[in-house]
Amino acid sequence: MKNQKLLGNRQAAWQVRFFPFLLAPIVAFWMLSSFSAGAQNYVFTGASGVNLEWSNPNNWDANGYPGSVISAGQSASIQANCIMDINVINNGNITIETGMSLTIHFSITLTNNAMLLNNDSLHITNTGILTNGIAGVFDNQEVVELNGTLNNLGTFDNHDVLNVNMEGDFFNTDGTFNNHAVLTNIGTVNNKSGGSFNNLSGATLHHNAGQFLTEDATSLTSNAGTFNCAAFFDVFDSGAFSNSATFSNTASIDVNGQFTNAAGGTLTNSDSLHIGSAGSGCPQCSSFCTESGTRRCCRKPGRCSRH
C-alpha cells in the first residue's frame, strides 16, 4: 500500500512537471491555425470559365472564397478580369494585379485602415460606388474610369490616370486627394467639407466639362502643377482655392470663398472670373483687369465692370 501511494505521487509529480510541455505543441498548432486563417490570402483566378463574377466561388483558388467581407489581416489578389457583382466590405487589402481589371457594378467600402491598390484597370460603372472610408488608402498606379460614384474620406493618391467621365461623381469629403499625374474631368468633382484636394507639382488637371466645386468651410483646393479650366468652376462660401503654379481659365469661375494666386503662380484668364460679395482675394493677373469695391468682376480687357 505504501509503495502504491509513493508511485501515485511520483506519477502526479511527473504529470505536473511535463504536462505544459505536452500541451505546448497543441497550443502552438492552434495559434498557427488561427493566425493562418486571419492572414488568409484569397486569389481570384476566374477559373470557372463561365463568368468573371466575384460571387462565383469557382473563380477563386484553393484558399477559398472570401464572400462579401475581407477581414482585417486578410487580402484578395485579383489575378484575372473580375466583375464585382455584390456589395463588398474591405477591412484588409485588395490588389488588382498588372494586366487585370476590376469592374464595380455594386459597391466596395474600405474601412479600418484597409487598402485598395490598382496596378492596372479599375472601372466604376454608372451603378457602382467606391467608398474609401476614414483611414482607408486608395492607391491608383494605372487607370481609373469613373462612371459612377467615388466617395473619398481617407487618402487617395492618383499616380497615373483618373478619368471622371460624364456620369461620374467624385466627392472628396474630409479626405485627402493627391494628384501626382493626370486627372481629366467631364463629370462632377466636388471637394466638400474638410476635404483637401491637391494637384501636385508635375501633375496636370484637365477640367474639360461638367463642374468643379470647392464647397463648405475648411475645404481647400490647391494647384502646384498645371490646371486647365475649361468648364464651370465654383468656390463656395468659406471654401478656398490656391494657385502656386499654372492655372489657365477659358470658362466661368465664380468665387464666394477665398481665391489666392500665390507668389510664383501664373493665372491666365480668357473668360470670366467673378469675385462675389462674400469672396476675397481678387488675384493680380495678366491679360485682364481688376476692379475694387464690394463686388469685383475680373474679365477680358475692355469688359471689366463694377457690381
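Leu-146 has Val-164 as its bridge partner in β16. The strands concerned are β13 (residues 143-146) and β16 (residues 161-164), which run parallel and are joined by four bridges. Strands here are DSSP runs of E of at least two residues, helices are runs of H or I of at least four, and both are numbered from the N terminus. Two strands count as paired if DSSP finds at least two bridges between them.

The model is predicted: local features need pLDDT of at least 70 and side-chain atom pairs count only at pLDDT 80 or more, while totals for chains, interfaces and linings use all residues. Residues are numbered from 1 along each chain as its sequence is written, and side-chain values use heavy atoms, with hydrogens and water left out.

On its other pairing, β16 meets strand β19 (residues 182-185), again in the parallel sense and over four bridges. Leu-162 has Leu-183 as its bridge partner in β19. Further along, strand β25 (residues 226-229) runs parallel to strand β28 (residues 246-249), and four bridges join them.

Strands of a sheet pair through backbone hydrogen bonds, either parallel or antiparallel.

Asn-190 lies in strand β20 (residues 188-191). Its relative accessibility is 5%, so Asn-190 counts as buried; buried means under 20% relative accessible area, exposed over 50% and partly exposed in between, with a 1.4 Å probe and protein chains only. Not counting residues up to four places away in sequence, Asn-190 touches Phe-170, Phe-171, Asn-172, Leu-213 and Glu-215. A contact here means heavy atoms within 4.5 Å.

For the chain as a whole, there are one helix and 34 strands. Of its 307 residues, 43% are buried. Among contacts between residues at least 6 apart in sequence, 19% join residues at least 24 apart. The chain exposes about 14,100 Å², of which carbon and sulfur atoms supply 56%; accessible areas come from the Shrake-Rupley method with a 1.4 Å probe.
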